[in-house]
Amino acid sequence: MILVVLISILFLGGVLAWLSEGLDSRFPRVVALAAVVIDLLVMIALVGADTEGAGWIVQLNAQWIPRFGISFHLAADGLSVLMMLLTAFLGIIAVGSAWDEITERTGFFYFNLLWTLAGVIGVFTALDLFLFFFFWEVMLIPMYFIIAIWGHENKNYAAMKFFIFTQVTGMLMLISILVLAYFHYVQFGWFSFDYFDLLKVNTSSAIEMWIMLGFFVAFSTKLPSFPFHSWLPDAHSQAPTAGSVLLAGVLLKTGAYGLIRFAVPLFPEASMQFAPFAMTLAVISILYCAKVAFAQTDIKRLIAYTSVSHMGFVMLGIYAWNEQALQGAVMTMLAHGLSAAALFMLAGGLQHRIHTRDMESYGRILGESAATILRRLIFLDRCIRYAGSWELRR
Amino acid sequence: MEDLIWLLPTFPLLGFLSLALTSGNLPKKVVGAIGAGSIGLSFLTAAMIAYQFLSSGETHLVVEMWVWMAVGNFTPGFSFYLDGLAVVMMLIITGVGFLIHLYSAGFMLDDPSYSRFFSYMNLFVASMLVLVLADNLLLLYLGWEGVGLCSYLLIGFWYEKPENGYAARKAFITTRVGDTSMAIGLFLLFAELGTLDIQEMLHAAETQWAVGSGLAVAASLLLLGGAVGKSAQLPLQTWLPDAMAGPTPISALIHAATMVTAGVYLIARTHVLFELAPNVQLLVAWIGLITLLMAGFTAMTQHDIKRILAYSTISQIGYMFLGLGVGAWSASVFHLMTHAFFKALLFLAAGTVIHSLHHEHNIFKMGGKRKQLPIAFASFMIGSLALAAFPFTSGYFSKDEILIAALELEGPGMILWLGGVLGAFLTGIYSFRLVFVVFFGESKGHHEEKEVAGFSMATPLIILMVLALFGGWIQIPVDAVFSHGEVHAEEHHISGLMHAIMIAVPLLGIGVSYLFFMSKIFSVEKLMANPLATRLHGFWFSGWGMDALYNFLFVRPFVFLARINKNDLIDAVYALLVNISRFVHVMMARTQNGQLRWYALSVGGGVIILITLGVVL
């Protein structure tokens with residue numbers, strides 16, 4: 001039940017924020033902040049919960065469209081809870097960074113912000129693949145609006161690119177989900193989209209590979225990984241600060257989460273076979289995008305490419321197929337979520353004050369304070385990366 | 001008492017936090033008290049711990065604090081390992097570190113970023129202590145990266161000047177090359193031996209790997225890569241001279257006394273691995289020898305007071321590597337300690353000179369300053385004597401031990417010894433060239449300036465003078481650490497002639513320097529009239545052209561590759577896709593032009609094509 005509450009607070013908060021604009025254009029941000037803070041507080045209740053059974057802290061399973069075996073199945077384990085905490089925390093940060101920056105159509109902005117967050121929480125908790133796909137779309141469309149309406153000079157191009165990349169590959173995932181459900185029907189005689197049912201499906205290895213690839217392409221676009229990364233620099237450089245914070249901090253993590261939760265467990269053999277290719281792609285991502293990042297002069301594009309590079313490490317960890325690497329991948333997700341969000345806020349702050357993202361023209365106008373903050377944040381980033389002793393997957 | 005060892009890095013860390021979080025809002029007196037006081041507390045604690053540890057007679061002890069992370073069989077801890085080597089290192093870091101902090105409290109007083117300076121310095125000391133006390137390689141690596149970060153921040157401390165930022169990046173990136181090699185070494189060690197705990201790892205390596213086995217060679221080579229990066233040895237030595245862009249106390253603390261010797265510490269700490277790979281160990285000696293000679297020749301040609309000292313640091317660390325390479329572990333650590341004393345002294349004195357003469361760095365624009373700058377003169381005299389290994393100064397004992405150990409080595413020992421002696425000759429020349437040019441002869445400019453040296457600046461100089469003179473009598477308690485495989489110099493018989501040579505050669509160097517720069521019997525100008533000498537001078541002056549070489553080999557290709565792909569080739573593929581679909585769209589749209597005859601024509605044409613196809617197929 002608690003998971004439904006988490007998601008509905010954000011959905012309802014979004015609607016409320018939109019409506020409240022009619023009273024005063026400053027109300028929506030207060031509503032949004034309240035919604036995210038309440039969400040975070042509710043989530044903290046999950047942290048200490050004991051994990052009986054199969055490691056699922058909390059589960060909810062209700063019928064949705066019984067004819068096709070589609071259920072409203074939400075559940076959270078340690079990984080989901082960590083990711084949700086990151087989402088809510090960065091949600092607060094995002095609201096904060098939009099606080100003074102967004103002055104037009106505030107109601108609709110915070111509506112989109114909260115609905116994106118709701119979609120992300122849904123993605124992190126859905127255990128019915130149809131429901132998962134539904135949330136996958138929910139987080140996409142509001143983000144499209146955030147970039148397209150409140151973005152910078154080239155916002156329409158960037159928003160459209162983001163939308164098409166995610167939508168086309170999401171389509172492939174949908175096909176994969178349907179084919180997987182069909183094979184469940186063939187094998188057991190009834191439809192199901194439930195995660196645990198689909199885990200039992202056996203198919204020939206060629207078919208398993210194709211279905212897996214559908215998922216993989218969708219997730220590695222979101223991650224993003226070479227060669228599907230080129231939407232990210234555009235989306236980041238054009239999005240408003242809050243959009244960048246959510247994109248880098250949270251949305252990219254849904255791709256990694258998808259790989260860990262679905263692509264690998266549902267298709268263990270195909271994934272095992274595919275691992276060398278995935279790792280190769282990951283390494284190309286790391287090196288190639290770092291190299292491209294080095295050449296950038298737009299500070300937001302630079303951070304965007306380093307994001308791709310770092311998410312390459314996550315993918316490498318997931319497909320390295322051992323305990324340490326997997327935990328390292330989750331650790332990197334958290335660390336990158338925080339540090340990339342912080343870096344984008346700094347970049348947003350600089351752009352807000354100096355009115356350019358071109359680093360060459362920054363020169364020495366950076367005062368003591370800005371430079372120090374930047375250095376401290378880079379330091380903080382390293383601290384987080386080294387911080388440890390999390391028991392992630394119980 | 002030993003349980004309180006966690007306090008050592010905690011004091012400076014708290015100092016860093018309090019200074020960083022107040023970001024310059026504290027009065028300068030408070031900042032100085034926090035900055036220097038935290039290191040002073042650390043030193044007191046270190047001294048008490050060292051006293052207890054040494055009087056207890058134990059060889060080592062482990063203080064476990066908490067488990068850092070636990071993933072499967074990978075459980076590195078926040079644990080400190082205390083033995084003779086760690087005791088020596090922590091006393092050098094906190095002791096010399098405290099003196100340099102005290103000096104900085106006076107030296108940096110006019111700087112607007114006083115608080116930022118001390119916060120970085122404190123963070124540096126905390127990281128350095130973690131580095132030398134860590135009981136596992138991962139924690140050591142944390143300290144290793146921490147000191148690298150602080151070095152970067154402090155070289156670029158005066159960031160308003162772009163060239164300082166450039167020097168900082170150069171230092172960071174060059175050492176990063178070594179760090180990466182070291183990280184791969186750690187991965188290899190963990191993958192093969194299943195632990196990163198240093199003592200366990202060394203024990204496992206000893207029992208599982210044969211002498212000269214491929215894995216031992218690979219692991220020690222990778223660690224050596226990290227060591228040469230941090231310690232500015234060939235081929236990664238080019239960053240250190242540029243690192244002099246930072247404030248002078250930084251050069252004393254980080255780029256002379258402590259951080260640059262971390263590579264020496266690393267090799268000494270993992271010496272068992274190097275003993276398993278004798279060829280790599282010999283390579284260490286050769287690297288040390290070549291570096292010390294190259295840097296010695298370059299130091300003779302420089303005219304920036306700090307760059308001379310920087311090259312001399314590279315050269316002296318070359319001696320430490322030479323010692324490590326010939327198995328004289330404790331002699332190297334001993335030289336590390338004496339070098340910390342006299343090089344910190346020289347740098348701080350150079351700071352006083354520069355400070356007093358309004359940021360003048362060129363030694364040829366000074367001259368005759370011994371009356372004007374008496375404390376700096378005394379410091380330079382004593383520091384240079386120790387640096388040149390004048391008999392019975394601290395540098396004499398340590399360098400002597402290293403050279404004797406080199407001579408003892410079978411095979412290439414004689415060549416290594418000769419090279420080392422030649423290096424000592426060069427050291428005599430360049431160190432006294434500096435003294436003669438700056439403090440003797442006729443005064444050139446800066447006649448009015450008085451020496452700037454308050455209590456907080458003079459006290460550290462005086463203490464360091466005493467240490468540089470008499471530090472050679474200190475017995476370092478590292479025998480238990482290097483209990484096996486150590487070359488014991490005392491047990492061997494070195495002929496009196498060899499001893500005489502080792503004493504005479506540095507004096508000869510000083511003499512040559514006297515003839516050139518003091519009595520002017522020989523003249524540099526005449527020497528430079530020879531075109532060959534001019535070329536050689538230019539070549540040495542540029543640091544043997546290494547910067548230009550690396551620029552050509554690495555920097556330019558890298559920048560070129562980055563520049564041609566700035567717009568991301570992959571994006572062009574997607575753009576092509578977009579353009580194709582646009583093109584098709586435009587072509588299709590053209591067919592809808594509303595003209596009946598065009599429609600009729602295309603219907604007719606289509607029918608004809610279909611019929612033709614039907615007939616042909």
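Is H358(B) buried or exposed, and how many other C-beta atoms are within 10 Å of its own?

Reply: H358(B) is exposed, because 8 other C-beta atoms lie within 10 Å. The rule is a simple count: a residue with 20 or more other C-beta atoms within 10 Å of its own is buried, one with 12 or fewer is exposed, and anything in between is partly exposed, with the C-beta atoms placed from the backbone.

Before going further, please keep in mind that this is a predicted model, in which local features need a pLDDT of at least 70, side-chain atom pairs count only at pLDDT 80 or more, and totals for chains, interfaces and linings use all residues. Residues are numbered from 1 along each chain as its sequence is written, while chains are lettered from A and ligands numbered from 1 in the order in which they are written.

Now back to your residue. H358(B) sits in the loop that joins α15 (329-356) to α16 (374-387) of chain B. Those labels follow DSSP runs, numbered from the N terminus: helices are H or I runs of at least four residues, and strands are E runs of at least two. The backbone of H358(B) has a phi near 55 degrees, which is positive although the residue is not glycine. Here is the background: most residues other than glycine have a negative phi, and most peptide bonds are trans.

A232(B) is in the loop between α8 and α9 of chain B. This residue counts as buried, because it has 29 C-beta neighbours inside 10 Å. The loop between α8 (214-230) and α9 (239-242) of chain B also holds P235(B). The peptide bond leading from L234(B) to P235(B) is cis, with omega near 0 degrees.

Chain A has a cis bond to look at too. It runs from F226(A) to P227(A), again with omega near 0 degrees. P227(A) is placed in the loop between α8 (205-222) and α9 (231-238) of chain A.

Let us step back to chain B as a whole. It has 25 helices and two strands, and its C-alpha trace spans about 110 × 60 × 60 Å along its principal axes. Of its 617 residues, 52% are buried. Residues in contact have C-beta atoms, placed from the backbone, within 7 Å of each other. Among the contacts in chain B with a separation of 6 or more, 81% join residues 24 or more positions apart.

For the complex, the predictor gives an ipTM of 0.82 and a pTM of 0.87.

To finish, here is a pair of helices in chain B. Two packed helices are described by the angle between their axes and the distance between the axes. Helix α14 (residues 305-325) of chain B packs with helix α18 (residues 413-439) of chain B at about 160 degrees, their axes 11 Å apart. For such values, axes are lines fitted to C-alpha atoms, for helices over the stretch in contact, and angles between N-to-C directions run from 0 to 180 degrees. This angle makes α14(B) roughly antiparallel to α18(B); angles over 145 degrees get that name, those under 35 are roughly parallel, 65 to 115 roughly perpendicular, and the rest oblique.

Which residues meet? In α14(B) they are I305(B), I308(B), S312(B), S315(B), Y319(B) and L322(B), facing L416(B), G420(B), G423(B), T427(B), Y430(B), S431(B) and L434(B) in α18(B). Sorted by class, this contact has seven nonpolar, six polar and no charged residues. In that sorting, Ala, Val, Leu, Ile, Met, Phe, Trp, Tyr, Cys and Pro are nonpolar, Asp, Glu, Lys and Arg are charged, and the others, Gly among them, are polar.

Methods. Two residues are in contact if their C-beta atoms, placed from the backbone, lie within 7 Å.
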